[in-house]
Structure formats: structure tokens, C-alpha cells
Amino acid sequence: MNQFGKLYGVGVGPGDPELLTLKAVRIINEADVVFTAASAKRDYSLALEIARPHLSENVLIKFLSFTMTQDKEATETAWEKNAEEIASVLRDGKNAAFLTLGDPMTYSTFGYILKNIRKVMPDAQVETVPGITSFHAAAARLNRTLVEAEESLLITSGAYGGEQLLNVGQNVENIVMLKAYKNIKQNNEALKKAGFFKNSVAISRCGREGEEIIENLDELETRTPDYWTLVLAGR
Ligand SMILES: C[S@@+](CC[C@H](N)C(=O)[O-])C[C@H]1O[C@@H](n2cnc3c(N)ncnc32)[C@H](O)[C@@H]1O
């Protein structure tokens, strides 16, 4: 019988601690070690802060350094090292939970963990606990349907200036654009060109302190971009 521990990828939802699932709360309290990614900014301990009200005091928390440099090799080495740290817990027969913002399978650091754990410990047992994504929270916050009837929904990233949106956006009725914090002018142009601009809205820090709803996306071009911004758009 396999005496190794199990790795849980746990989605903690978009920010409101009431949006963690019951399962997530149980798993993080049963885990021997709770891992979270620690970077200079971004989702580092934010995932931990969201989960904290639910965590018992005696849970062991470990931070993994989340290096994202232009140097692909350095980034890969860092992630392999992180995976090795988790694997050493599993090899000791202990269970580990890795916290991730929103859902672990959606533009998430857990994707890197998963790939690398398979490299360093191919027989590791892994279970993913889904979380409420930022865009589901945004749709709920705005009382705005994401998709209905026979429509389609494109989930894309704004990080490359709406390129993907122009490539495939012509064939869908609805768009979710995450990472809508850079290339804003190009993203807006792409939304206009593809016929989505008029029916679009941005939200920053949805469900968190400093939440802002931006009805006119042109306004985004004149302000300091907030990393925690997404756009919902429709025809
Ligand atoms: C790396 S992705 C993480 C997505 C996350 N795994 C999820 O399921 O929503 C980061 C992007 O998610 C979006 N995001 C995450 N939380 C958000 C929030 N509370 N409000 C608005 N956008 C958010 C932003 O577009 C941000 O740039």
C-alpha cells in the first residue's frame, strides 16, 4: 500500500472568505502542511489571507518562493525546487495542501506545481479542490449572465493586447478577459474591432477591499493599472 501523503490543490476563491467551499476548509485544516506561493506582489499570501479566518492556529504554513523572471530556465528550476519541497512532505507520509487564488485549474500557480510534482514524484497522489473563479464572482457581483442558451464564452488573457480576442473572439457571444491590467489600449481596440466594447465592463478587486466597477473601459487607459482587474464583455 502507498504510504505516501497526498497533495491537495485548494482553490480559496476570489477574495471573500465566505466564498471558500466547505471542502476547502476541511482539507486545509486536515493537512499536515499548508503551502502557499510567496512573491513580491501578486497572489502570494493573499490566498493565505483569504483562507486565514478558517485556519486553525496549529496548522503548519510554508511559503514557496514564486519566481517569475524572464529567465525561463531559472523559473523552471525554482518551480522544480518548490515541487521537491512538497514532495519531501509527501514522502514523509504527510498530506500537503497548496492554496491558490480562485480556482486551481484556471490561470493558476497550481498548474506549475502540478507539472513539476509529476516530474519529481511521478506516483504522487493529487486531488484538486475547485474554487470559485474571479470571473464567476464578478458575474455574480454585477448580476450579469456569463453565458446562456446556445451561446459561447471565450476565457482569455489581456496580457498580450487582445491578440487572442481578435483571433477567436469573432465566433463567440461573450468574453471574459483576465489579466486586463496591461496593454489596455490594445485590448480596448480589439474589443471595439470585434464588436464587444459597448457591452463591456471591468471590475477591479472584486469582493475585496478597494473593489471598483468601471463601466467605461476607456477610463482604464487613464489610470494606474490594477493587476486584479478583469473584463466581462458581450455582443
Ligand atoms: C493569475 S490569474 C488568477 C485567476 C484565478 N485562478 C481565478 O480562478 O480567478 C490573475 C487574474 O485574475 C483576475 N482576478 C483574480 N482575482 C480578482 C478579483 N478579486 N477581482 C478582479 N479580477 C481578479 C485578474 O484578471 C488577475 O489579473
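**View 1. Pairing of strands S2 and S4.** Strand S2 (residues 33-38) and strand S4 (residues 96-100) run parallel and are joined by 3 bridges, where strands (E, at least two residues) and helices (H or I, at least four residues) are DSSP runs numbered from the N terminus, and two strands pair if DSSP finds at least two bridges between them. Within this part of the model, Val-34 stands opposite Ala-97 in S4. The model is a predicted one, in which local features need pLDDT of at least 70 and side-chain atom pairs count only at pLDDT 80 or more, while totals for chains, interfaces and linings use all residues. Residue numbers start from 1 along each chain as its sequence is written.

**View 2. The open sheet with parallel pairing.** Its 5 strands follow the order S3-S2-S4-S1-S5, with parallel pairing. Strand S3 (60-65) and strand S5 (125-129) are the edge strands, each of which pairs on one side only. From one strand to the next the twist averages 25 degrees, with axes taken as lines fitted to C-alpha atoms, for helices over the stretch in contact, and angles running from 0 to 180 degrees between N-to-C directions. Helix H1 (residues 22-30) packs on the sheet, touching strand S1 (6-11), S2, S4 and S5, and its direction makes about 140 degrees with that of S1; two residues are in contact if their C-beta atoms, placed from the backbone, lie within 7 Å. Helix H3 (residues 72-91) lies across S1, S2, S3 and S4 and runs at about 140 degrees to S4.

**View 3. The open sheet with mixed pairing.** Here 5 strands are arranged in the order S6-S7-S10-S8-S9, and the pairing is mixed. Strand S6 (153-157) and strand S9 (212-214) stand at the edges with a single partner strand each, so one side of each is left without a neighbour in the sheet. The twist from one strand to the next averages 15 degrees. S8 and S9 pair in the antiparallel sense over 3 bridges, and Ile-203 has Ile-213 in S9 as its bridge partner. Helix H5 (residues 134-141) packs on this sheet, touching strand S7 (174-178), S8 and S10, with its direction at about 60 degrees to that of S10.

**View 4. The shell around the ligand.** The ligand is surrounded by 24 residues, the closest being Gly-102, Thr-133, Ser-134, Leu-178 and Cys-206; a residue is near a molecule if its C-beta atom, placed from the backbone, lies within 6 Å of it. Strand S8 (199-204) and strand S10 (229-234) are the elements that give two or more residues to this shell. At least three shell residues come from each of domain 1 (6-129) and domain 2 (134-234), with domain bounds taken from an automatic or database domain assignment.
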